[in-house]
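Here is a colleague's note for a first look at this model. Please keep the structure open while reading the points.

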Amino acid sequence: MPHRYDAQNMVTEYADMDILRGYIQQKRREGMRISYMALVLAAYHKAYLENPKINRFIMNKHVYQRRHFCVSFVMLKKRADGTPDESLLKVYFEPDDTVFTVNRKIETIIAENSNAQQDNGTDRFAEAVFTVPLLPNLVVGLARLLDRYGILPKKIIEISPFHTSLFITNLASINTTHIFHHAYEFGTTSVFICMGKPVMDYIHGNYQKKLLPLSCVMDERICGGVEYAQFWTSFNHYLKHPELTEQPGAGK
């Protein structure tokens, strides 16, 4: 399986919306606004700290362990003329981050890029490349070659959303169901999670509760099935006990 798309495994996990909503409402009463995505990312980050192999990636048939943890996501905004637009953002987390610092980092980077006229480094790079005919294929081809041999300039890696520990998309924010989004072949994305709009959980035809679907596409080569299972056990544990994400570092 030399390519990431050859090695993609897919799974959907479901988080209890009553638990997540209850926690978010409690924090709001305490004067803090926590988003669902921040809560999911904080749980994922805590689970990663306990299972660091989930932060590996494959490049040129070698397995590498990242020395940092970062998350890429798409932010929707409007151009000056009112038409919808997107910005690709990437944020870095530290081992001592909690749900509060995760939420603050997300809010900060969104605020910095929410202006219709504001472009980040990723946006400016893409605009410069795609305005010149034939240049995109040349640039991407060269970037792939340099990346394969580990000599892609650090500046490009820093602004590339495809060189990331996790890519996440929140389709619930546009009232869309969850999908299995491919993990990009370019870059180092090993895990892609999609948050879909909540679904009803029925038991014997009777409504029980709302669930938040989390569809995940993983590069199975970065670790073994047992290690993936341990990670998902940790991830689900923190989603069921979101108050534990308030503590820094690993440990249940």
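1. Contact here means heavy atoms within 4.5 Å. Among contacts in the protein between residues at least 6 apart in sequence, 67% join residues at least 24 apart.

2. The model is predicted: local features need pLDDT of at least 70, side-chain atom pairs count only at pLDDT 80 or more, and totals for chains, interfaces and linings use all residues. Residues are numbered from 1 along each chain as its sequence is written, and side-chain values use heavy atoms, with hydrogens and water left out.

3. The secondary structure comes to seven helices and nine strands. These are DSSP runs numbered from the N terminus (helices: H or I, at least four residues; strands: E, at least two). The protein has 252 residues, and 42% of them count as buried. Buried means under 20% relative accessible area, exposed over 50%, and partly exposed in between (1.4 Å probe, protein chains only).

4. Start with helix 2 (residues 36-50) and helix 3 (residues 99-113). They pack at an angle of about 130°, and their axes are 9 Å apart. That makes helix 2 oblique to helix 3. Axes are lines fitted to C-alpha atoms, for helices over the stretch in contact, with angles from 0 to 180 degrees between N-to-C directions. Under 35 degrees counts as roughly parallel, over 145 as roughly antiparallel, 65 to 115 as roughly perpendicular, and the rest as oblique.

5. Which residues make this contact of helix 2 and helix 3? Helix 2 brings Met37, Ala38, Leu39, Leu41 and Ala42. Helix 3 brings Val99, Val102, Asn103 and Ile106. By class, the contact of helix 2 with helix 3 has eight nonpolar, one polar and no charged residues. Ala, Val, Leu, Ile, Met, Phe, Trp, Tyr, Cys and Pro count as nonpolar; Asp, Glu, Lys and Arg as charged; the others, Gly among them, as polar.

6. Helix 2 also packs with helix 7 (residues 225-240). Their axes come within 8 Å and cross at roughly 140°. That makes helix 2 oblique to helix 7. Val40, Ala43, Tyr44, Lys46, Ala47, Tyr48 and Glu50 in helix 2 meet Phe231, Ser234, Phe235, Tyr238 and Leu239 in helix 7. By class, this contact of helix 2 with helix 7 has nine nonpolar, one polar and two charged residues.

7. Now the rings. Rings of Phe, Tyr and Trp (its six-membered ring) pair if their centres lie within 6.5 Å; planes under 30 degrees apart count as stacked, over 60 as edge-to-face and the rest as tilted. By this rule the count comes to 14 aromatic pairs. Tyrosine 44 and phenylalanine 69 form a tilted pair, 6.0 Å centre to centre with 40° between the planes. Tyrosine 44 lies in helix 2 and phenylalanine 69 in strand 4 (residues 69-78), so the pair ties together parts 25 residues apart in sequence. Tyrosine 44 is buried at 1% relative accessible area, and phenylalanine 69 is buried at 3%.

8. Ring pairs also build a cluster. Its members are Tyr44, Tyr48, Phe69, Phe93, Phe231, Trp232 and Phe235.

9. Last, leucine 212. It sits in strand 9 (residues 206-219) and is buried, with a relative accessible area of 3%. Its C-alpha atom is separated by 5.9 Å from that of methionine 17, 195 residues apart along the chain. Leaving aside neighbours within four places in sequence, leucine 212 is in contact with Glu13, Tyr14, Ala15, Met17, Leu20, Val40, Met195 and Gly196.
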